[in-house]
Amino acid sequence: MSGVRVLVGTRKGAFVMTSDGKRKKWDISGPHFAGWEIYHMKGSPANPNRLYASQTSSWFGQIIQRSDDGGKTWHQPGTPPGEPTTTPEGMPKGESNKFAYDTSPETGKPLTTHQWYDGTPHPWEFKRVWHLEPSLTDPDTVYAGVEDAALFRSADGGRTWQELSGLRRHASGCSWQPGAGGMCLHTILLDPSDPNRIFIAISAAGSFRSDDAGKTWRPINRGLKSEGIPDPNAEVGHCVHRIAMHRSRPGVLFMQKHWDVMRSDDGGESWREISGNLPTDFGFPIEVHAHEPDTIYVVPIKSDSEHFPPDGKLRVYRSRTGGNEWEALTKGLPQSDCYVNVLRDAMAVDSLDSCGVYFGTTGGQVYASADAGNNWAPIVRDLPAVVSVEVQTLP
Amino acid sequence: MIRVVLPAHLRKLAQVDGEVKLDVKLDVEGQATQRSVLDALEACYPMLRGTIRDHVTQKRRAFVRFFACSQDLSNEPPDAPLPDAVATGAEPFMVVGAMAGG
């Protein structure tokens, strides 16, 4: 019988939750990497047993972990168990932790600066990996979105990482500025119909698209309107929180911006607002139903200064019309005194016949719905704050 | 033989219990330094690369401190000689995560 595996990253470790197709009873393993922040875990679409995890700490930096058995065991891909810990030349390995920004080949100096909070130029400084996006076809290829904003790629299962620095080389790079949460590249979407097309999003620079497999990039933010950016044609500067697409229709994108829920029908060339009757259009995650490309989900949050649901009621909103018309999904979710947040990478859908929807909260709950959001139940209630949720549909 | 004490998270990453004992290549004057100890540590435990010193700049990470012989050596130059008691193995070189809540 088919089943699901939910990968949950929290502020204090990773958890792996499995269930059969009914999605009622759950086996939970963890915490893996106890005490570390797990910003993201994701499985390879080409080999579901291959998982990647971003393990990070303000003290000890960035670690990349890999599992080749569906999360039962993990290792750092630069130093697999049983292999020599040094190269034949005697140099230590451990490259999987290394995210080094490209420098100018002529001068060896940093490529460019970005704009600091006070408007002065500031060098790029690596802090952590926010998002790992495995290739759709090759288990050994995986992309990493990092803070300070840049895109890295590994073609050897996470052992070594190379920057796709065409993104930072874009003429607007020197004007990118961090938001309050840092300048992070948090969204990576690979187009299933075109291996050369990649979408990414950065807070607070906006969204970008490459049509040549990451060599060159251009901003795709036309139609976004943001308070604090008086120029309606501003190329960058928008605080995009998340973008989602349905794999059958990759030209249609849905975006949860800092404020506003947006839609593009032309691969990001232009955007229009679809917030409609939402109680507030601030929020972080956005997801698309696995089988209905016009059914989308958001979790409205009161405001940018009050990161919790309006009225203390945790409600997922679903639109079955591709936006504008939204219905509140509340069955099984707390409808009083609830003041948690749902972070941008903390919502996912499975692809079983009855689409499952999952999200995690900063209060440590992971909720699941096995019927596209009509009814919800917690898988767990008392984890550390949940940072990310991904789900794999297993044969 | 130089003794190094790691914080719990790094012991787990390196899969070691208790102290680490290292053969450290001494500098031309026969002295052990912060750099030579950390080089030897990372050579034995490559998974620790980037966790104590930044991968690129090789500078100590902001929330990591170095102590030995009741002294805070965190801001000593990386090529300064370590105390004799560390070089002889009488006292350990301690890598410590800065205290913080949360």
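Buried here requires 20 or more other C-beta atoms within 10 Å of the residue's own, with C-beta atoms placed from the backbone.

The model is predicted: local features need pLDDT of at least 70 and side-chain atom pairs 80 or more, while totals for chains, interfaces and linings use all residues. Residues are numbered from 1 along each chain as its sequence is written, with chains lettered from A in the order in which they are written.

I then followed V37(B). Leaving out residues up to four places away in sequence, V37(B) touches I2(B), V4(B), L22(B), V24(B), A32(B), L82(B) and F93(B) (contact: C-beta atoms, placed from the backbone, within 7 Å). In helix α2 of chain B, residues 34–44, the buried set includes V37(B), L38(B) and L41(B). I noted that the buried residues of α2(B) pack against β1 (2–5), β2 (20–22), β3 (64–68) and β5 (93–97) of chain B. Helices (H or I, at least four residues) and strands (E, at least two) are DSSP runs, numbered from the N terminus.

Next I checked V86(B), which lies in helix α3 (residues 84–87) of chain B. V86(B) counts as buried because it has 24 C-beta neighbours inside 10 Å. Its contacts beyond four places in sequence include I2(B), A32(B) and F93(B). A68(B) is 18 residues from V86(B) in sequence, and their C-alpha atoms are 7.2 Å apart.

Key: A residue is buried if 20 or more other C-beta atoms lie within 10 Å of its own, exposed if 12 or fewer, and partly exposed in between; C-beta atoms are placed from the backbone. Two residues are in contact if their C-beta atoms, placed from the backbone, lie within 7 Å.
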